[in-house]
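Me: I'm new to this one. Can you walk me through it?
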Amino acid sequence: MNRRSFLAAATTTAAVSLAPARVLGANNRLRLGIIGAGSRGQEDMRAALALPDVEFVAVADVYSRHRDEAHALAPGAQLYDDPRKLLDRHDIDGVIVASPLFLHSRHFLDTIASGKDLYCEKTMTWSIPEAITCRQAAAASKQVIQIGLQHESEGTHADAQQWVRQGLPGKITMVEAWMSRNSPHGQGQWLRPIPADCDPQHVGWDLFLNDRPQEAFNGHRFINWRLFWEFSGGNVTENMVHQIAWIITVLGLKEPLAATMAGGVFSEKDGRQVPDTIAVTLEFPDLTVLWQSTFSNSRYGLGERFLGSDGTIEHISGSTNMVTGKSESSLNFYPEKINSPNGALRSGSAKGVDHMQNWFDCMRSRKQQTNAPVETGYLSAVAAHMANLAYRQQRRITWEEAKSIQPGY
Ligand SMILES: NC(=O)c1ccc[n+]([C@@H]2O[C@H](COP(=O)([O-])OP(=O)(O)OC[C@H]3O[C@@H](n4cnc5c(N)ncnc54)[C@H](O)[C@@H]3O)[C@@H](O)[C@H]2O)c1
């Protein structure tokens, strides 16, 4: 090989190994795409567009109504029905995935295989085997990946983590966590109306079903995918995942040793499969984590209590103050006088960072350790899916058993 052909080959190799990631322009302006521009996807678009030096150049959604709504937010974006057309482009830096849960792993893997950075909404995947596959693929890639677990970027998280690292609460053997909501009588939590144009002319139904068994078009299943196991993981993947990610990263936990989950469809009797009333137990070494949830009482909002021998860390959000009736949020530390006689009450004061901005900062600096990296997405997905497996099999399930179970529909 002469020098000229060697240089040409080297240039080609370099181009291939870099391709198709775009080299950021001098002004560091990020060019984004989004897969799944529904309710959350449009919130993510607004959050991104509120930050400097970003633009959406592409939107992929199987529903024309949502493509049009996204276009109103980003008039310069090219619209696609099929995400593969978006991923084939070589001029996109990062992709937000906000499709229904059962499609996350498909869109996660395709996005990083196309050389683009990724912001993947929680829960990272629909099952444990998918979480393992995505984690392996991410470890082998150079992409900057943020999972949409935005509470990982909050100041309360930084404070709680620091208090635990300082040993302030002593030995924590139990964490209590809860999440409660209510809705008017006769109006089911999560139930969305079906728009008049939600029909096979406006929805790419086969693209939506992806690898699921063929079935006739069903607008209710398309819009209300959250209610069905085939597409969703119910409230543990919608809400517990945020709190269990918080608990896992504050305490530095790994996969649970075992899980149980009781409950059922007690209040929202509208044909849904996923339970509205839930009590989860997650076993970790020397630690039990409890999470309970209801959709028919909102008084206590959402929160976590870390019960330690030397004190309690309490994080609450959206609970109703008994005196004022107003919604309250706080992070506090309450010492246990018995083991911490001089301990003082503390309140969280750290400032959080914008979760989307954190992804953008990491994309620009090529730092792979985002605030909610794939490892946090993986561990929180594993815990959520272990709980669901225990519920669906009506038994205690261990991590050793759970790691290879792909749930049925
Ligand atoms: N981080 C958070 O706090 C938060 C909050 C709400 C929702 N979420 C997550 O966001 C995700 C989306 O939830 P949502 O309420 O926006 O759902 P949604 O149904 O409103 O939106 C999903 C969108 O994906 C589109 N879609 C379906 N199949 C597609 C495909 N194959 N290719 C491209 N687009 C496709 C749908 O047309 C729809 O526009 C869920 O995983 C949910 O858990 C996260």
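Reply: To start with a term: a residue is buried if 20 or more other C-beta atoms lie within 10 Å of its own, exposed if 12 or fewer, and partly exposed in between, with C-beta atoms placed from the backbone. The model is predicted, so local features need pLDDT of at least 70, side-chain atom pairs count only at pLDDT 80 or more, and totals for chains, interfaces and linings use all residues. Residues are numbered from 1 along each chain as its sequence is written.

Me: Ok, is Ile172 buried or exposed?
Reply: Ile172 is buried, as 22 other C-beta atoms lie within 10 Å. Its place is in strand 7 (residues 172–180); strands (E, at least two residues) and helices (H or I, at least four) are DSSP runs, numbered from the N terminus.

Me: What does Ile172 touch?
Reply: Leaving out residues up to four places away in sequence, Ile172 touches Leu251, Leu287, Phe306, Leu307 and Gly308. Contact here has C-beta atoms, placed from the backbone, within 7 Å. Ile172 and Asp310 are 138 residues apart in sequence, and their C-alpha atoms are 8.6 Å apart in space.

Me: And Ala262, where is that?
Reply: Ala262 is in strand 8 (residues 258–264). Ala262 is partly exposed, with 14 other C-beta atoms within 10 Å. From Ala262 to Phe228 it is 34 residues in sequence and 18 Å in space, C-alpha to C-alpha.

Me: Back up. How many helices and strands does the chain have?
Reply: The chain has 13 helices and 15 strands. Its radius of gyration is 23 Å, close to the 22 Å from the globule rule for 409 residues, so the chain is as compact as a globular protein of that length. That radius is taken over C-alpha atoms, and the rule is 2.2 Å times the number of residues to the power 0.38. Buried residues are 40% of the 409.

Me: Which residues of helix 7 are buried?
Reply: In helix 7 (residues 155–165), they are Thr156, His157, Ala158, Asp159, Ala160 and Trp163. Their cover includes helix 10 (234–251), strand 12 (311–320) and strand 13 (327–335). Just after helix 7, Gly167 takes a positive phi of about 80°.

Me: How do helix 6 and helix 12 pack?
Reply: Helix 6 (residues 128–139) and helix 12 (residues 374–393) pack at about 170°, with axes 9 Å apart. Axes are lines fitted to C-alpha atoms, for helices over the stretch in contact, and angles run from 0 to 180 degrees between N-to-C directions. Helix 6 and helix 12 are therefore roughly antiparallel; angles over 145 degrees count as that, under 35 as roughly parallel, 65 to 115 as roughly perpendicular and the rest as oblique. Helix 6 makes the contact with Ile128, Ala131, Cys134, Arg135 and Ala138, and helix 12 with Val374, Tyr378, Ala381, Val382 and His385.

Me: What about helix 5 and helix 6?
Reply: Helix 5 (residues 104–113) packs on helix 6 at about 10°, with the axes 10 Å apart. That makes the two roughly parallel. Ser105, Phe108, Leu109 and Ile112 of helix 5 meet Glu130, Thr133, Cys134, Ala137 and Ala138 of helix 6.

Me: Last one: how many residues surround the ligand?
Reply: There are 26, and the closest are Gly36, Gly38, Ser39, Arg40 and Tyr63. A residue counts as near if its C-beta atom, placed from the backbone, lies within 6 Å. Helix 2 (39–49) and helix 8 (205–209) are the elements that give two or more residues to this shell. The largest share, three residues, comes from helix 2.

Definitions and conventions
Contact = placed C-beta atoms within 7 Å.
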